[in-house]
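Biologist: I am new to this structure and would like a guided tour. Could we go through it together, one question at a time?

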Number of protein chains: 2
Amino acid sequence: MTAYDDLMAFQRETEALAQVAGRLGWDQETVMPRGAGPQRAEEHAAMAGILHARRTDPRIGDWLAASVPADAVAERQLALIRRDFDRAARVPARLASEIARTTSTAHGIWAEARAREDVASFLPILERVLQLRREEADCLRGEGSRYDAMLNDYEDGASAARMGEMFDGLRPRLVALRDAIRQAGPAPALEGTFPEEGQLKLSTELAKAFGYDMTRGRIDRAVHPFSSGSGLDVRITTRSDPLDPFNCFYSTIHEVGHAAYEQGIDETHLLTPLGQGVSMGVHESQSRIYENQLGRSRAFTGWLYGRMIETFGDLGLDGPDAFFAAVNRVGEGHIRTESDEVQYNLHVLLRFDLERALFADDLRVGDLEAAWNDRFAADFGYPVDRPSHGLLQDVHWSEGLFGYFPTYTLGNVYAGCLHAALRADLPDLDAALARGDTAPATGWLREKVQRHGGLRPPRETIVHATGAAPSEGPLLDYLEAKFGAIYGL
Amino acid sequence: MTAYDDLMAFQRETEALAQVAGRLGWDQETVMPRGAGPQRAEEHAAMAGILHARRTDPRIGDWLAASVPADAVAERQLALIRRDFDRAARVPARLASEIARTTSTAHGIWAEARAREDVASFLPILERVLQLRREEADCLRGEGSRYDAMLNDYEDGASAARMGEMFDGLRPRLVALRDAIRQAGPAPALEGTFPEEGQLKLSTELAKAFGYDMTRGRIDRAVHPFSSGSGLDVRITTRSDPLDPFNCFYSTIHEVGHAAYEQGIDETHLLTPLGQGVSMGVHESQSRIYENQLGRSRAFTGWLYGRMIETFGDLGLDGPDAFFAAVNRVGEGHIRTESDEVQYNLHVLLRFDLERALFADDLRVGDLEAAWNDRFAADFGYPVDRPSHGLLQDVHWSEGLFGYFPTYTLGNVYAGCLHAALRADLPDLDAALARGDTAPATGWLREKVQRHGGLRPPRETIVHATGAAPSEGPLLDYLEAKFGAIYGL
């Protein structure tokens, strides 16, 4: 056994334990009895303590120093282990464990507060979560800002400054597009009631149509849909609302995008640092291209239109073009995850700026709801009507996931780049999508992106797949063309 | 912080991790995607390695030496920690991890073999499991036999010799009772088809009727029903067969007995060594008294008879006495878990003797199926018709649980003792049971047995509850009276 072999064997056990810890989160969101919360918080904390101890084990430093990589893959494995080792060594075990315990508790309080529309009951624990994350950021930041330290957790090499520039490039054309759409008047809307059983059945059919492997996954229901796990056990969740079947379908397709990335990674990388998606941004590029550029395309919605009529009967819409317009309707909504492609990034911008302000001490938690509501009214043109449509809508902050939101927009930008390259390589794609056949597109993504897992850093992953440096241009071009056609702009 | 406080804090984290590891088993049996097996084996092994490392942490020895117990409870906590520490220190980490990995694999192979009625495909891995357990027993045995070492894992202080004596006391009267029943001719049987949806609904109603707290538990389906977890998250599973609703109902009540023990323990003992059932034998006394002495009593079956008619319509039985006889029918069956109260212990005796022979080198794995089938034909009077009705019927050996079976009969003996004491204390019990009200009985058991968890050693637990030393007499008296009445002996 060489030092490298020892290191990789140790790492493999750590990855297996991380899968166990992750599945504990899945369990909590899907099947956990509601009275189990206090015990579960201790279980989470104990697992976090174990993982932290392993990730800071001094032997890793020795093994890293003594390892001689045999090839580029081994070199990349070592780089990823070194990055995590350096990061983990900076955060005291006490703090890591306290964060796990507090966010587990905060999660339950958030869910209660959201159900009761009661912001005040959530703020004290949010304040505590924020304080702990700031403490953590101080351990990690080095020369950068606290918020940069948070961002880097999800996107290696990202900075708030570069994010800000990208959003500057997006904002004017998005706002102009949104204004033009508003002036064009409303698109057709889907109305009526759609039995949840039928929704969930069709949702499973969609998951399979997009290549989700049910022998290595499963679909359950959760308040906030998510994908969980890597390797041979990658589970997704969805939700249903009798009045809004698109929410169910596109939540599912979105999570299938995430899951397909994890399921698509070459099995040689199983339970190694390369055996999972390389970053949140690249992950989101997969979920968004599945959901939007493929799932909400005119071609695919034509097929879905037929399946919906077979499932639910007449939809009261004037043919597949009207259905396509209804799927992509730009309306007045408050919920990020239900937002159309045009306004979605405005949601992300709002959270990004509030997070930056919180971390820069420009905003206090006590003023957060007012800041959210003011900004929302200014950006969207209508007010927040209740906390579950505003500050309490997302699970992220209760889990301490500051710096996570901007990766959603980064993912959209990457999805735009990938989509342009994919269309160039697959001129007949629409014919397949019109038959409900996503295999050419998902096969391209698997080959170009998914199978490589963490082999290349995030930005290089996109460069490798598209042959060009990522920019916001392709996303904007795509949005203007698509919504220009729908709204006759 | 005193040494005792440090020890208990460390122990609490270990207990939390053990809950996580246990829930991994629940997940595997209920919701795990079938392709996840190889990865799951690594996850199990990693968790087992972590737990083993904690249980053998040298600091435990130091803390134990420096701890001064403040009271009898603290003294008992220390005794239980010391026992596990001494045990774990004897088993090398490599062996513990290898056992976890091998039994996880063996479990899948067993399930496949059972489905395909293919003993040969199971024997090589069973041989390996047995070999590993024998290796483990050699680490543990000290002056005792290998098999005693196995027994003591489930029942502190048990020995094969004492077990053998107890079975000697049981066997003649059980065989005589069984012969008399056979000569009396068959009892009425339930016939027909019972929709599984209705079974599962009534099964949940039964679980609640027996006091199962669904806010701290849940019911799922599994091939082999089990109860899993301690404290605030205690889950049970059941199964259903359209032709055999009693299997579903009494599996559920049985597992509720186990779960009620875990749920009933005083919350001050949460995540401490006292916070779980003290032994397999005492655990089984709870599941069996719920299932048999209460659930299969004339009084309770009278209530169940009404609920079944309301659920399924006419049962084709001539009133509640015939229903009572059908519930308790002594028939020709092969499956231990479906066996009546009279023949059940013969099943256990068979396994006990085969296990002893395997551990004493008097029997080879290659000869195990023949030995099983010969013994079965001799004891039961009819042959094993297929492997899933014989050697492959139980999950236990695939999981390496040698020495576990005899605790079932020990549990029956304890249940007999508890039932006699409970009846003496609650003369009006039958009136409540006839209304489907188990609260007087389950309240008595909670107060006398369950709430104390691991406070007293197994045998002392029964002595404390009943005021007398346990013996097989009360069980035999109960069986002879009950089945004498049903069969008119």
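This is a predicted model: local features need pLDDT of at least 70, side-chain atom pairs count only at pLDDT 80 or more; totals for chains, interfaces and linings use all residues.

Biologist: Thanks! How many residue pairs are in polar contact across the interface of domain 1 of chain A and domain 2 of chain A?

Modeller: The domain assignment places domain 1 at 3–140 and domain 2 at 161–487 of chain A. Where they meet, 34 residues of domain 1 of chain A are in contact with 43 residues of domain 2 of chain A. Counting the pairs in polar contact with both residues at pLDDT 80 or more gives 14.

Biologist: Which helix supplies the largest share of the side of domain 1 of chain A that touches domain 2 of chain A?

Modeller: The helices that each supply at least two residues to that side are α1 (3–30), α4 (72–90), α5 (93–116) and α6 (123–140) of chain A. By type, the residues of that side divide into 16 nonpolar, seven polar and eleven charged. The largest share is eleven residues, and it comes from α1(A).

Biologist: What area do domain 1 of chain A and domain 2 of chain A bury between them?

Modeller: The size of an interface is often given as the accessible area lost when the parts come together. Here, 63% of that area is on carbon and sulfur atoms. The centres of the two domains of chain A, taken over C-alpha atoms, are separated by 26 Å. The area that domain 1 and domain 2 of chain A bury between them is about 3,500 Å².

Biologist: Turning to the two chains, how many salt bridges are there between chain B and chain A?

Modeller: Side chains of opposite charge can pair when their charged atoms come close. A:Asp27 and B:Arg235 give an example, with a salt bridge of 2.7 Å from N to O. Between chain B and chain A, the count of salt bridges is eight.

Biologist: Which helix gives the largest share of the side of chain B that touches chain A?

Modeller: On the side of chain B that touches chain A, the elements giving two or more residues are α1 (3–30) and α2 (37–55) of chain B. The residues of that side divide into 17 nonpolar, seven polar and 13 charged. With ten residues, the largest share comes from α1(B).

Biologist: What area is buried between chain B and chain A?

Modeller: The contact involves 37 residues of chain B and 37 residues of chain A. Carbon and sulfur atoms give 60% of the buried area. The area between chain B and chain A is about 2,900 Å².

Biologist: Now a look inside chain A: is A:Ser287 buried or exposed?

Modeller: A:Ser287 sits in helix α11 (residues 280–294) of chain A. Leaving out residues up to four places away in sequence, A:Ser287 touches A:His254, A:Gly257 and A:His258, and its side chain joins that of A:His258 in a polar contact of 3.1 Å. The relative accessibility of A:Ser287 is 0%, and anything under 20% counts as buried, so A:Ser287 is buried.

Biologist: How many residues apart in sequence are the parts that A:Glu205 and A:Arg307 tie together?

Modeller: The side chains of A:Glu205 and A:Arg307 meet in a salt bridge of 2.6 Å, N to O. A:Glu205 counts as partly exposed at 27% relative accessibility, whereas A:Arg307 counts as buried at 18%. Because A:Glu205 lies in helix α9 (residues 196–209) and A:Arg307 in helix α12 (residues 298–312) of chain A, the parts they tie together are apart in sequence by 102 residues.

Biologist: One last stop: which helices of chain B do the buried residues of α13(B) pack against?

Modeller: Seven of the nine residues of helix α13 (residues 319–327) of chain B are buried, so this helix is largely enclosed by the rest of the structure. Among the buried ones are B:Phe323, B:Phe324 and B:Val327. The helices of chain B that they pack against are α10 (245–264), α12 (298–312) and α20 (473–487).

Methods
Residues are numbered from 1 along each chain as its sequence is written. Chains are lettered from A and ligands numbered from 1 in the order in which they are written. Side-chain values use heavy atoms; hydrogens and water are left out. Buried means under 20% relative accessible area, exposed over 50%, partly exposed in between (1.4 Å probe, protein chains only). Helices (H or I, at least four residues) and strands (E, at least two) are DSSP runs, numbered from the N terminus. Contact means heavy atoms within 4.5 Å. Domain bounds come from an automatic or database domain assignment. Buried area is the accessible area (1.4 Å probe) that two parts lose on being put together, summed over both. A polar contact is a pair of N or O atoms within 3.5 Å; within protein, one must be able to donate a hydrogen and the other to accept it, and residues adjacent in sequence count only if both atoms are side-chain atoms. Ala, Val, Leu, Ile, Met, Phe, Trp, Tyr, Cys and Pro count as nonpolar, Asp, Glu, Lys and Arg as charged, and the others, Gly among them, as polar. A salt bridge is a side-chain nitrogen of Lys or Arg within 4 Å of a carboxyl oxygen of Asp or Glu.
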